[in-house]
Amino acid sequence: MVTGSFPSHFDGSVPFGSKEGLRAYFGRNVLNGLVGGIDGYLSGQRHGPRSLGPAMLGGFMWLDDQELLDRISAFPASCVVITKQQRGKYQQARLDKLKLLAEQGPGFPAGALPELSGMYFRENGQAPVVGPGTHLPSPRVPTLRTIGYRKDGKDLVPILHTKMVLLGELWWHDEDPLGGAADVIGFRPVRLWLGSANGTTSSRSNLEFGLWLDDPTLLREAKRFLAEVIRHSEGLDPDGSHFEPELTEPHYDDDAFAEYLGQRFRDEGESLC
């Protein structure tokens with residue numbers, strides 16, 4: 001329960017740059033600037049013929065604000081990673097609020113991020129086995145994920161401490177980089193939120209700051225960073241307390257491939273006789 005409040009003297013916002021929507025926020029209820037910026041982005045987007053719609057990536061230490069959760073679920077594609085939570089009655093109640101979005105949220109296509117290319121979810125804790133004829137569809141990463149270590153006792157553990165939201169657009173193409181026929185998708189970042197406020201209702205009472213940016217270098221590096229965070233993430237409430245990413249490269253069955261190639265050579269040799 002919040003027992004006091006700061007006066008409004010701290011509150012303010014200021015536009016900067018030449019583009020509409022780039023604004024910095026200070027003081028209380030900075031999260032309104034994040035939510036409002038998301039709304040403005042969604043309402044102002046004009047999508048081309050190869051667009052798959054708007055998409056969001058994000059990373060927070062913690063997340064529970066309902067307005068922000070609603071915005072995350074409104075995207076055709078979204079993935080937000082939070083710090084792995086402790087086990088306990090209080091923490092479990094907080095996680096329960098997020099389960100529906102984690103299970104039914106839109107998710108994010110892993111194939112749209114080069115850092116996740118060739119990565120697949122473990123099967124019973126093991127890397128999937130790939131042999132001749134194996135088809136592993138590119139996974140869709142759930143909307144809410146966790147990363148890191150579960151705090152147990154008094155010892156501190158490293159945490160995800162970012163407060164970032166990256167908005168952009170998914171696109172598709174029917175040619176690969178070499179011009180061959182292919183079904184290619186990608187994510188183009190457009191606008192980045194950086195700030196001090198977690199995605200929590202309680203942050204609205206704090207003195208915080210946040211701002212929207214569109215610098216190309218920042219967009220590129222934020223996309224790379226968040227893709228790596230997703231790559232090393234786990235489910236919303238994983239069993240393990242240690243850092244155990246669920247996405248992994250597959251195990252290639254070398255013996256099966258050798259046998260397959262040997263049979264092909266034999267078949268081709270017989271066809272020439």
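Residues are numbered from 1 along each chain as its sequence is written, and side-chain values use heavy atoms, with hydrogens and water left out. Because the model is predicted, local features need pLDDT of at least 70 and side-chain atom pairs count only at pLDDT 80 or more, whereas totals for chains, interfaces and linings use all residues.

The protein chain contains five helices and 14 strands, taken as DSSP runs numbered from the N terminus (helices, H or I, at least four residues; strands, E, at least two). Its C-alpha atoms fill a box of roughly 90 × 50 × 30 Å along the principal axes. Of the 273 residues, 42% are buried (under 20% relative accessible area, with exposed over 50% and partly exposed in between; 1.4 Å probe, protein chains only). Contacts are defined by heavy atoms within 4.5 Å; among those between residues at least 6 apart in sequence, 72% join residues at least 24 apart.

Ser-233 is located in the loop between helix H4 (216–231) and strand E13 (247–248). Its relative accessible area is 0%, so Ser-233 is buried. The side chain of Ser-233 forms a polar contact with that of Arg-145 at 3.0 Å and reaches the backbone oxygen of Ile-230 at 2.7 Å. A polar contact is a pair of N or O atoms within 3.5 Å; within protein, one must be able to donate a hydrogen and the other to accept it, and residues adjacent in sequence count only if both atoms are side-chain atoms. With residues up to four places away in sequence not counted, the residues touched by Ser-233 include Val-81, Thr-146 and Pro-245.

Rings of Phe, Tyr and Trp (its six-membered ring) pair if their centres lie within 6.5 Å; planes under 30 degrees apart count as stacked, over 60 as edge-to-face and the rest as tilted. By this rule there are five aromatic pairs. The rings of Tyr-25 and Trp-193 have centres 6.1 Å apart and planes at 40°, so this pair is tilted. Tyr-25 belongs to strand E2 (residues 23–27) and Trp-193 to strand E11 (residues 181–195), 168 residues apart. Both Tyr-25 and Trp-193 are buried. The pair of Tyr-149 and Phe-243 is also tilted, because the ring centres are 5.7 Å apart and the planes are at 45°. Tyr-149 lies in the loop between strand E9 (144–147) and strand E10 (164–175) and Phe-243 in the loop between H4 and E13, so the pair ties together parts 94 residues apart in sequence. Tyr-149 is partly exposed at 31% relative accessibility, and Phe-243 is partly exposed at 33%. Tyr-25, Trp-193 and Trp-212 form one aromatic cluster.
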